[in-house]
Amino acid sequence: MTEAIGRSILRGEIEPGHALPVEDALAAEHGVSRAVIREAMKSLSAKGMVSVRPSRGTRVLPRGRWQILDPDVLDWLGGSPPEPDFVTELLELRLMIEPEAARLAARRATVEDVAAMRAALARMAAALDGEGDYVTADIAFHEALLEAAHNRFLNQLGSAMSRLLRFGTNLSWRYPDAARGSLPVHGAVLEAVARGDGEEAAAHVLHLIERHERHLRGMLGSMPGGVDHMARNSADGEENRS
């Protein structure tokens, strides 16, 4: 029930600041008891999606208040049509975290860490030949890279990052030859980590993210303002780096 109502909020069926139907109406609409609706509202309140006040009823909160790293919220976002702002912010987060994680991994990776990355890369290659799921193997590679950094804060972010990566990878996977073209770059990341070259590992990860951005911009081209918005952000970044 929490998911059904959460997804309806995410789809914009009830705008921020507006009240949800009363408990009796929601219970009748979904064919459940009022107790089930109350539990759903408690859960959505904890996720920052609604505010429950006796005098004002239950109202949808602005997206800026949502617990965006909550696993359920991430899953619901991943199952909805992509928004250019959300995709841009995802790319920004990856740029802030993953290259530095690759540098740390090159310094700290154990034999087991490198083996985990190598196994994930082999699964990615096999998936291109029709054996297994490429996206799952790709996520496993990036999870192994983050774990190889041996940073407790990164480990805590791991679950959220995995869901964010799945969202982006599911989109870019639709782009022609996206997976096949990225496989050797993943291999270059692995080899740089294995030989302890942090700068090269970070550079290859940056290349992966930039490829990912190009593919996402291509996929979002049919959305009003999609490519223009992302191109603007990309151009701003280029200006700031120059």
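Q: Why is Glu23 called partly exposed in this predicted model?
A: Glu23 has a relative accessible area of 26%. Buried requires under 20% and exposed requires over 50%, so a value of 26% puts Glu23 in the class between, partly exposed.

Q: What makes Arg34 partly exposed?
A: The relative accessible area of Arg34 is 41%.

Q: Why is the contact of Arg11 with Glu13 called a salt bridge?
A: The closest N and O atoms of Arg11 and Glu13 are 2.8 Å apart. The limit is 4 Å, so the pair is a salt bridge. The structure holds 13 salt bridges.

Q: What makes Arg11 and Glu13 exposed or buried?
A: Arg11 has a relative accessible area of 51%, and Glu13 has 52%.

Q: What makes the pair Arg103 and Glu100 a salt bridge, and where does the pair lie?
A: The N to O distance of Arg103 and Glu100 is 3.2 Å, within the 4 Å limit, so the pair counts as a salt bridge. Both residues are in helix α5 (residues 84–108), three residues apart, which means a separation of about one helical turn. Arg103 is partly exposed at 27% relative accessibility, and Glu100 is partly exposed at 38%. Elsewhere, salt bridges with shared partners link Glu23, Asp24, Arg34 and Arg38 in one network.

Q: Why is helix α1 called oblique to α3?
A: Helix α1 (residues 2–10) packs on α3 at an angle of about 55°, the axes being 9 Å apart. Roughly parallel needs under 35 degrees and roughly perpendicular begins at 65, so the angle makes α1 oblique to α3. The crossing of α1 and α3 is right-handed. From α1, Thr2, Ile5, Gly6 and Ile9 take part in the contact, and from α3, Ile37, Ala40, Met41, Ser43 and Leu44. These residues divide into six nonpolar, three polar and no charged.

Q: What describes the packing of α5 on α7?
A: The axes of α5 and helix α7 (residues 134–148) come within 7 Å, crossing at roughly 65°. The crossing is left-handed. The α5 side includes Arg94, Ile97 and Glu98, and these residues are among those that meet His142, Leu145, Leu146 and Ala148 of α7. By type, the residues of the contact are eight nonpolar, one polar and three charged.

Q: Why is Gln67 called partly exposed, and where is the residue placed?
A: Gln67 sits in the loop between β2 (57–60) and α4 (71–78). Its relative accessible area is 43%, which lies between the 20% and 50% limits, so Gln67 is partly exposed.

Q: Which residues does Gln67 contact beyond its neighbours within four places in sequence?
A: Gln67 is in contact with Ala46, Lys47, Gly48 and Val73. Ala46 is 21 residues away along the chain, and the C-alpha atoms of Gln67 and Ala46 are 8.2 Å apart.

Technical notes: Residues numbered from 1 in each chain as written. Predicted model: local features only at pLDDT ≥ 70, side-chain atom pairs only at ≥ 80, totals over all residues. Heavy atoms only, no water. Salt bridge = Lys/Arg side-chain N within 4 Å of Asp/Glu carboxyl O. Buried < 20%, exposed > 50% of the residue type's maximum accessible area, 1.4 Å probe, protein only. Helix = DSSP H or I, 4+ residues; strand = E, 2+ residues; numbered from the N terminus. Axes fitted to C-alpha atoms, helices over the stretch in contact; angles between N-to-C directions. Left-handed = near helix turned anticlockwise from the far one by under 90°. Contact = heavy atoms within 4.5 Å. Nonpolar A, V, L, I, M, F, W, Y, C, P; charged D, E, K, R; others polar. Parallel < 35°, antiparallel > 145°, perpendicular 65-115°, else oblique.
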